[in-house]
Amino acid sequence: MKKIDAIIKPFKLDEVREALSEIGVTGLTVTEVKGFGRQKGHTELYRGAEYVVDFLPKVKIELVVADALADQAVETIVTSACTGKIGDGKIFVTDVEQVVRIRTGENGEAAI
């Protein structure tokens, strides 16, 4: 099993969620986060005063999928989250050793 963490632009969330549902992803966790990479933030004007926004709003999506679905899930996220502009985000894929569904006690892929 693989855990996929994707950091994307917030307005792309619905598009990514729908695309993942279409390929068979049954659940995910979404967290509103802030951060920066090469984009390095930007300056904004508020009531005539200029200030620097160091951390930009992003959305972090976490999902665990079977090994067979991992590459397709990553490609689906890349395709649906891409705007072609700086700050589109990153995807991290890690191995998952064990998953347990608390309610039923199911283990492994049956618990996903």
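The tour goes from the sheet to a helix and then to a single residue.

This is a predicted model, in which local features need pLDDT of at least 70 and side-chain atom pairs count only at pLDDT 80 or more, while totals for chains, interfaces and linings use all residues. Residues are numbered from 1 along each chain as its sequence is written, and side-chain values use heavy atoms, with hydrogens and water left out.

Select the four strands that form an open sheet in the order 2-5-1-6, with antiparallel pairing; strands (E, at least two residues) and helices (H or I, at least four) are DSSP runs numbered from the N terminus, and two strands pair if DSSP finds at least two bridges between them. Strand 2 (29-35) and strand 6 are the edge strands, each pairing on one side only. Between strand 2 and strand 5 there are seven bridges in the antiparallel sense, and T29 stands opposite E62 in strand 5.

Next select helix 2, residues 67-81. Its buried residues (under 20% relative accessible area, 1.4 Å probe, protein chains only; exposed means over 50%, partly exposed in between) are L69, A70, A73, T76, I77, S80 and A81. Seen down the axis of helix 2, these fall within an arc of 135° (taken from the directions from the axis to the C-beta atoms), so they line one face of the helix. On the other side, A68, D71 and T79 are exposed.

Finally, select V59 in strand 5, which counts as buried at 5% relative accessibility. V59 and T31 are 28 residues apart in sequence, yet 5.8 Å apart in space, C-alpha to C-alpha.

Technical notes: Expected span 1.5 Å × (residues − 1).
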